[in-house]
Amino acid sequence: MDQNLVITEVVESLGYCLVDIEREGRGLLRVTIENQDFNQLINVGDCEKVSHQLTYTLAVENVAFERLEVSSPGLDRIVKTPQDFERFAGLEITLKLRVAMGNRKNFSGVLQGLMKGDAQSRDAVWGLLIEPKPGESAMLEFTLAEVEKARLVPVLDFKGKKS
């Protein structure tokens, strides 16, 4: 059975949502989870519960790994799926494209969500409101196939002062 499918089934059977699976050097398998109720944060107990079940299940399924890390998405959460791009519309993200547009690959701006097409289609066009020059705004349109990496820009609130 496919390792991603095994991991997805375990995470979902425990009542969590799978955010990402990464394979790193030296046999590290990193699994990122969140609660189905997105307003409820992941805690250490949640990570322990998933880690324990995955350790057992991956061994049974003969999935090779040396170290397993289960964590929450964090403040700079990855934005990956069409559902993520819809859910985080209106928030600031950083976006790295696979191929440069206008001599740039890296952008930051406010995610506008779906601009054209069906969200589940490969041809769906998403929008990012960027500021190419101070005081100017422009709409960057892209497909998810063009995205190498996208992350939320963390918003920290220290006693009512956002930074």
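Which strand gives the largest share of the lining of the second largest pocket? I looked this up first, and the answer is E8, with five residues.

**Entry 1: the model**

I note that this is a predicted model, in which local features need pLDDT of at least 70 and side-chain atom pairs count only at pLDDT 80 or more, while totals for chains, interfaces and linings use all residues. Residues are numbered from 1 along each chain as its sequence is written, and side-chain values use heavy atoms, with hydrogens and water left out.

I find three helices and 10 strands in the chain, taken as DSSP runs numbered from the N terminus (helices are H or I with at least four residues, strands are E with at least two). Along the sequence I read the pattern α-β-β-α-β-α-β-β-β-β-β-β-β. Along the principal axes, the C-alpha atoms fill a box of roughly 55 × 40 × 30 Å. Of the 163 residues, 33% are buried, where buried means under 20% relative accessible area, exposed over 50%, and partly exposed in between (1.4 Å probe, protein chains only).

**Entry 2: the second largest pocket**

I used the grid definition of a pocket (1 Å grid over the protein atoms alone, an open set of points where a 1.4 Å probe fits, with protein on both sides within 12 Å along at least five of seven lines; lining residues have an atom within 4 Å of a point). The volume, about 220 Å³ here, is the space filled by probe spheres set on the points, which are joined across faces, edges and corners.

The lining has 13 residues, of which Ile78, Val79, Lys80, Glu148 and Lys149 lie nearest the centre. E1 and E8 each supply at least two lining residues. By class I record six nonpolar, no polar and seven charged residues, counting Ala, Val, Leu, Ile, Met, Phe, Trp, Tyr, Cys and Pro as nonpolar, Asp, Glu, Lys and Arg as charged, and the others, Gly among them, as polar.

**Entry 3: salt bridges**

I count nine salt bridges in the structure, each a side-chain nitrogen of Lys or Arg within 4 Å of a carboxyl oxygen of Asp or Glu. Lys80, one of the residues nearest the centre of the second largest pocket, meets Asp20 in a salt bridge at 2.4 Å, N to O. Asp20 lies in strand E1 (residues 16-23) and Lys80 in the loop between strand E3 (67-71) and helix H3 (82-87), so the pair ties together parts that are 60 residues apart in sequence. Asp20 is buried at 7% relative accessibility, whereas Lys80 is partly exposed at 43%.

Glu148, also listed nearest that centre, pairs with Lys96 at 3.7 Å, N to O. This pair links distant parts of the chain, with Lys96 in strand E4 (residues 92-101) and Glu148 in strand E8 (residues 147-152), 52 residues apart. Lys96 is partly exposed at 30%, and Glu148 is partly exposed at 40%.

**Entry 4: the largest pocket**

What is the volume of the largest pocket? I read about 520 Å³, with a lining of 20 residues, among them Leu41, Gly74, Leu75, Arg77 and Leu152, which lie nearest the centre. Its lining has 11 nonpolar, five polar and four charged residues.
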